[in-house]
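Subject: Structure for your files

Hello,

Please find the structure below, with the sequence. My notes on it come after.

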Amino acid sequence: MKLYTKSGDEGMTSLLGGKRTLKTDLRIIANGTLDELGAFIGLARSMAPAPLAVELGTILQDLFEVGYDLSLCPGNGPFKTAKEKIAGLEEKIDGLAKKLPTKFLFVLASDDGLASHLNVARAVCRRAERDVVALREAFPINGFCLMYLNRLSDYLFAACRAYGKGELFYEA
């Protein structure tokens with residue numbers, strides 16, 4: 001089997017359900033940002049300690065489901081991203097928050113590899129949120145996708161603070 005199909009050579013790609021669309025379609029842009037986000041989370045996962053690595057692995061699976069939902073043609077199948085995924089992230093954020101100082105800190109760029117990769121993932125997640133908001137203005141979407149991304153950026157911020165070195169922070 002060849003890995004290339006040549007079907008995108010003219011700038012078109014397929015959505016779930018078979019509809020062809022331009023690669024500049026907002027659904028494709030949002031999924032491209034999710035793909036980038038997944039790559040950065042995978043990079044952070046490669047250097048994370050066991051508990052965090054397991055959580056990041058679950059998040060990578062969840063991101064595929066968010067992308068699936070955003071790629072569905074209207075009327076094609078049930079959504080995969082549900083309220084329970086958001087509640088799961090909230091539980092993880094609460095668990096991380098117990099390890100954090102009560103004062104609010106901003107994360108700074110640093111030479112700490114894990115914290116830096118988590119911080120880049122957080123920034124890409126925020127862009128994914130903006131892409132999905134733009135998508136929602138043009139097409140009906142599963143609203144839980146946007147909520148999931150919003151919680152995920154909070155989770156990545158908390159993980160960066162919990163697993164980074166103390167000198168990475170700027171006190172507000």
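Predicted model: local features only at pLDDT ≥ 70, side-chain atom pairs only at ≥ 80, totals over all residues.

Residues are numbered from 1 along each chain as its sequence is written, and side-chain values use heavy atoms, with hydrogens and water left out.

Pockets

The largest pocket holds about 200 Å³ of space. A pocket here is an open set of points on a 1 Å grid over the protein atoms alone, where a 1.4 Å probe fits, with protein on both sides within 12 Å along at least five of seven lines; lining residues have an atom within 4 Å of a point. Grid points are joined across faces, edges and corners, and the volume is the space filled by probe spheres set on the points.

The lining of the largest pocket consists of Asn 31, Leu 34, Asp 35, Gly 38, Ala 39, Leu 60, Leu 63, Phe 64, Gly 67, Tyr 68 and Ser 71. Two or more of the lining residues come from each of helix 1 (26-45) and helix 2 (50-71). Helices (H or I, at least four residues) and strands (E, at least two) are DSSP runs, numbered from the N terminus. Helix 2 gives the most, with six residues. By class, the lining of the largest pocket has six nonpolar, four polar and one charged. Ala, Val, Leu, Ile, Met, Phe, Trp, Tyr, Cys and Pro count as nonpolar, Asp, Glu, Lys and Arg as charged, and the others, Gly among them, as polar.

The second largest pocket has a volume of about 160 Å³. Its lining has 14 residues, and Asp 69, Leu 72, Pro 74, Phe 79 and Pro 140 lie nearest its centre. The lining of the second largest pocket divides into nine nonpolar, three polar and two charged residues.

Helix 3

The 15 residues of helix 3 (residues 83-97) should span 21 Å at 1.5 Å a residue, and the end C-alpha atoms are 21 Å apart, which agrees. The expected span is 1.5 Å times one less than the number of residues. Ile 86, Leu 89, Ile 93 and Leu 96 of helix 3 are buried. These residues are on the same side of helix 3, because they cover an arc of only 80° around the axis, taken from the directions from the helix axis to the C-beta atoms. Buried means under 20% relative accessible area, exposed over 50%, and partly exposed in between (1.4 Å probe, protein chains only). On the face turned away from the buried side are the exposed residues Lys 83, Glu 84 and Glu 91. Helix 2 and helix 5 (143-163) are among the elements that cover the buried residues of helix 3.

Single residues

Arg 27, in helix 1, is buried at a relative accessible area of 5%. Beyond its neighbours within four places in sequence, Arg 27 is in contact (heavy atoms within 4.5 Å) with residues including Leu 15, Leu 70 and Phe 139.

Ile 41 is also in helix 1 and is buried, at 1% relative accessibility.

Lys 6 lies in the segment before strand 1 (12-14) and has a phi near 70°, a positive value in a residue other than glycine. Lys 6 is exposed, at 58% relative accessibility.

Gly 75, in the loop between helix 2 and helix 3, is exposed, with a relative accessible area of 80%.

Regards
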